[in-house]
Amino acid sequence: MVKHVILWKIKDEYSKEQISGIKHGIKEGLEGLAGKIPGLIDIKVYTEGLESSNVDVMLDSSFENEDALKTYASHPAHVAVADGKVRPFAASRSCMDYEV
């Protein structure tokens, strides 16, 4: 199994209300991919970090193997969410993929 974890910081130009809506859109969009992409085992998005957090959103996803992760990365449903709900609003992105 392969884990795919991403952390995003939302751009500072948005108000708290806008950031709340952006985080909701990211969560809804990415978690909505469950059952739609072959090899995607689990996908969860966390948006309510503690005060000590220095990022706004965390993706925690699991895949059958590395090939399934590659399929996910280029899958049209994922690309649509990434291009429409994530990339336009993200100031930074950190990723770690690893085998479990």
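## Strands, salt bridges and surface patches

Ile 41 is found in strand β2. Let's talk through this predicted model together.

Colleague: Happy to! Is Ile 41 buried, partly exposed or exposed?

Modeller: Buried means under 20% relative accessible area and exposed means over 50%. Ile 41 has a relative accessible area of 47%, so this residue counts as partly exposed.

Colleague: Which residues make the nonpolar surface patch, and about what area does the patch have?

Modeller: Ile 41 is one of the members. Met 1, Met 96, Tyr 98 and Val 100 are in the patch as well. Together these residues make a nonpolar surface patch of about 510 Å².

Colleague: Let me pick Met 1 from that group. Where is Met 1 placed, and what is its relative accessible area?

Modeller: Met 1 sits in the segment before β1. Met 1 counts as partly exposed, because its relative accessible area is 43%.

Colleague: And Val 100: is this residue buried or exposed?

Modeller: Val 100 belongs to the segment after β4. The cut-off for exposed is over 50% relative accessible area. Val 100 has 64%, so the residue is exposed.

Colleague: What about Met 1 and Ser 20, how far apart are they in space?

Modeller: In sequence, Met 1 and Ser 20 are 19 residues apart. From C-alpha to C-alpha, the separation in space is 32 Å.

Colleague: Now the strands. How many bridges join β1 to β3, and how many join β2 to β3?

Modeller: Strand β3 covers residues 57–63, and strand β1 covers residues 2–10. β1 and β3 run antiparallel and are joined by seven bridges. Strand β2, residues 40–46, also runs antiparallel to β3, and the number of bridges joining β2 to β3 is six.

Colleague: Which residue of β3 is the bridge partner of Leu 7?

Modeller: Two residues lead to one answer here. Tyr 46 stands opposite Met 58 in β3. The bridge partner of Leu 7 in β3 is also Met 58.

Colleague: How many residues of β1 are buried, and how many of β3?

Modeller: Strand β1 is largely enclosed by the rest of the structure, because seven of its nine residues are buried. Strand β3 is mostly covered too, and its buried residues number six of seven.

Colleague: Let's turn to charges. How many salt bridges does the structure hold, and what is the N to O distance between Lys 3 and Asp 60?

Modeller: Side chains of opposite charge can pair when their charged atoms come close. The structure holds five salt bridges. One of them joins the side chains of Lys 3 and Asp 60, with an N to O distance of 2.6 Å.

Colleague: How many residues apart are Lys 3 and Asp 60?

Modeller: Lys 3 lies in strand β1 and Asp 60 in strand β3. Both residues are buried. This pair links distant parts of the chain, which are 57 residues apart.

Colleague: In the salt bridge of Lys 9 and Asp 56, which residue is buried?

Modeller: The two side chains meet at 3.6 Å, N to O. Lys 9 lies in strand β1 and Asp 56 in the loop between β2 and β3, so the pair ties together parts that are 47 residues apart in sequence. Lys 9 has 29% relative accessibility, so this residue counts as partly exposed. At 17%, the buried residue is Asp 56.

Colleague: Last one: which residues gather in the patch of negative charge on the surface, and which elements each supply at least two of its residues?

Modeller: The patch gathers Glu 66, Asp 67, Asp 97 and Glu 99. Among them, Asp 97 is placed in strand β4 and counts as partly exposed because its relative accessibility is 41%. The elements that each supply at least two residues are α2 (66–74) and β4 (90–99).

Technical notes:
Residues are numbered from 1 along each chain as its sequence is written. This is a predicted model: local features need pLDDT of at least 70, side-chain atom pairs count only at pLDDT 80 or more; totals for chains, interfaces and linings use all residues. Side-chain values use heavy atoms; hydrogens and water are left out. Patches are made of residues with over 30% relative accessible area and no salt bridge: like charges are joined within 9 Å, nonpolar side chains (Val, Leu, Ile, Met, Phe, Trp, Tyr) within 5 Å. Accessible areas come from the Shrake-Rupley method with a 1.4 Å probe; for residues, only the protein chains shown count as cover. A salt bridge is a side-chain nitrogen of Lys or Arg within 4 Å of a carboxyl oxygen of Asp or Glu. Lys and Arg count as positive and Asp and Glu as negative; His and the chain ends are not counted. The place of a charge is taken as NZ of Lys, CZ of Arg, CG of Asp or CD of Glu. Helices (H or I, at least four residues) and strands (E, at least two) are DSSP runs, numbered from the N terminus. Buried means under 20% relative accessible area, exposed over 50%, partly exposed in between (1.4 Å probe, protein chains only). Two strands pair if DSSP finds at least two bridges between them.
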